[in-house]
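This report is meant for a reader meeting the structure for the first time. Please keep the sequence and the model at hand while reading.

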Amino acid sequence: MPKLEVGASAWAVESGSNLLDNLLSAGQVVPFSCRAGSCHACLVRCLEGYVKDALPDALTAEERAEGWRLACQCQIAGDLRVAVFDPKVDGIPATLIAVDWLSVDVVRLRVQPERPVRYQPGQSIVLWVGGIARSYSIASLPGEAVWLEFHIDCGRPGRFCEVARGFTPGDKLSLGALNPSALHYPADRPDSPLLLLASGSGLAPLWGILHEALRQEHAGPITIVHRARQGGEHYLRTALDALVAEHNGLSAEYLDKETWESWLKGFWLSSRHTVTLACGSPVFIEAVSRRLFMAGLPRGQLLTETFVSKAI
Ligand SMILES: Cc1cc2nc3c(=O)[nH]c(=O)nc-3n(C[C@H](O)[C@H](O)[C@H](O)COP(=O)(O)OP(=O)(O)OC[C@H]3O[C@@H](n4cnc5c(N)ncnc54)[C@H](O)[C@@H]3O)c2cc1C
Ligand code: FES
């Protein structure tokens with residue numbers, strides 16, 4: 001049986017068994033959320049030995065070369081020595097500089113990191129507070145603000161959201177792994193119609209990407225569609241309407257639970273060149289993907305990010 005070693009502890013494990021399960025059952029403190037390779041909360045560093053990684057492309061070549069692996073995606077293939085992610089050592093310390101409730105459920109956090117974070121619009125990063133680590137999309141634009149902005153939907157019970165409800169400016173947290181995202185501004189298609197579809201706080205990465213499109217003076221028309229649980233939860237409506245008033249070619253639509261279904265059913269593709277970016281819950285992404293492909297959108301022109309949360 002292979003031996004798994006973490007710090008001063010070592011124990012025998014089944015060959016082929018899951019690394020995260022083994023760490024947790026031995027009492028090691030490893031945060032996790034999605035168990036699907038999406039959230040990057042379960043990052044660990046393999047110092048010696050070999051694991052079979054089901055999702056190697058979830059990490060960059062640099063991260064992999066440094067030994068980082070997503071524990072939920074790894075099977076133990078032989079003796080292994082790992083170190084768990086320590087936010088104090090491996091993360092970037094950061095301070096909350098603004099906490100604003102944009103609707104009853106969505107809070108906007110502005111977070112000032114102690115060291116610069118190099119990111120692309122649309123990427124997400126792991127926020128650590130206490131022992132909790134969760135991924136959140138960055139809504140700010142690199143180079144424009146010294147802070148990172150996040151939109152957190154606290155409408156459902158959950159560990160991070162419970163803490164977020166009590167956040168005040170000055171609170172400390174740590175930034176963990178920066179996740180690569182399928183969402184990005186399609187700079188190679190400056191004339192294509194751009195359709196941005198968001199449900200709830202899925203608007204966060206699209207907010208950053210919309211600003212990038214405007215910064216790059218995107219020539220094609222841009223439509224942004226925000227689906228909220230109900231009318232009062234279009235948490236960026238005022239800011240979005242101001243952008244629409246300023247920019248020819250930009251339009252916004254606001255839908256709720258009832259109007260969304262008929263909008264989606266009646267959707268037709270005005271141009272086969274449309275590039276669509278969609279972000280939100282797994283159910284939302286599935287419905288959008290199915291409908292857009294039926295409407296004739298070529299596969300490579302739909303980019304999605306799914307807010308997978310903890311499977312309980
Ligand atoms: C790449 C990525 C980017 C993301 N970006 C964002 C973002 O920008 N904004 C955002 O708001 N979210 C985002 N998420 C989701 C986020 O990471 C968290 O999953 C979410 O905020 C819930 O975390 P939590 O700790 O509060 O809930 P958890 O404790 O992890 O619980 C998960 C879910 O379980 C259910 N649950 C938990 N406890 C209870 C209970 N006692 N009773 C009933 N149900 C319960 C709830 O539905 C809850 O939402 C993203 C996820 C991914 C993977
Ligand atoms: S990536 Fe492993 S728990 Fe989310």
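Does asparagine 248 count as buried or exposed? Asparagine 248 counts as exposed because 7 C-beta neighbours lie inside 10 Å, where 12 or fewer other C-beta atoms within 10 Å make a residue exposed, 20 or more make it buried, numbers in between make it partly exposed, and C-beta atoms are placed from the backbone.

## Basis of the model

This is a predicted model, in which local features need pLDDT of at least 70 and side-chain atom pairs count only at pLDDT 80 or more, while totals for chains, interfaces and linings use all residues. Residues are numbered from 1 along each chain as its sequence is written, and chains are lettered from A and ligands numbered from 1 in the order in which they are written.

## Residues in loops

Asparagine 248 sits in the loop between α6 (237-246) and β14 (250-255); helices (H or I, at least four residues) and strands (E, at least two) are DSSP runs numbered from the N terminus. From C-alpha to C-alpha, asparagine 248 is 9.9 Å from alanine 219, although the two are 29 residues apart in sequence.

Histidine 40, in the loop between α1 (19-25) and β3, has a positive phi near 65°, and it counts as buried because it has 27 C-beta neighbours inside 10 Å. Glutamate 217, in the loop between α5 and β13 (222-227), has a positive phi near 50°, but with 8 C-beta neighbours inside 10 Å it counts as exposed.

## Strand pairing

Strand β3 (residues 43-53) runs antiparallel to strand β4 (residues 68-70), joined by three bridges, and it also pairs in the antiparallel sense with strand β5 (residues 74-84) over eight bridges; pairing requires that DSSP finds at least two bridges. Arginine 45 has tryptophan 68 as its bridge partner in β4 and stands opposite alanine 83 in β5.

## Surroundings of ligand 1

Ligand 1 is surrounded by 27 residues, with Gly158 and Lys310 among the closest; a residue is near a molecule if its C-beta atom, placed from the backbone, lies within 6 Å of it. Domain 1 (3-85) and domain 2 (91-179) both give residues to this shell, so ligand 1 lies between them, the domain bounds coming from an automatic or database domain assignment.
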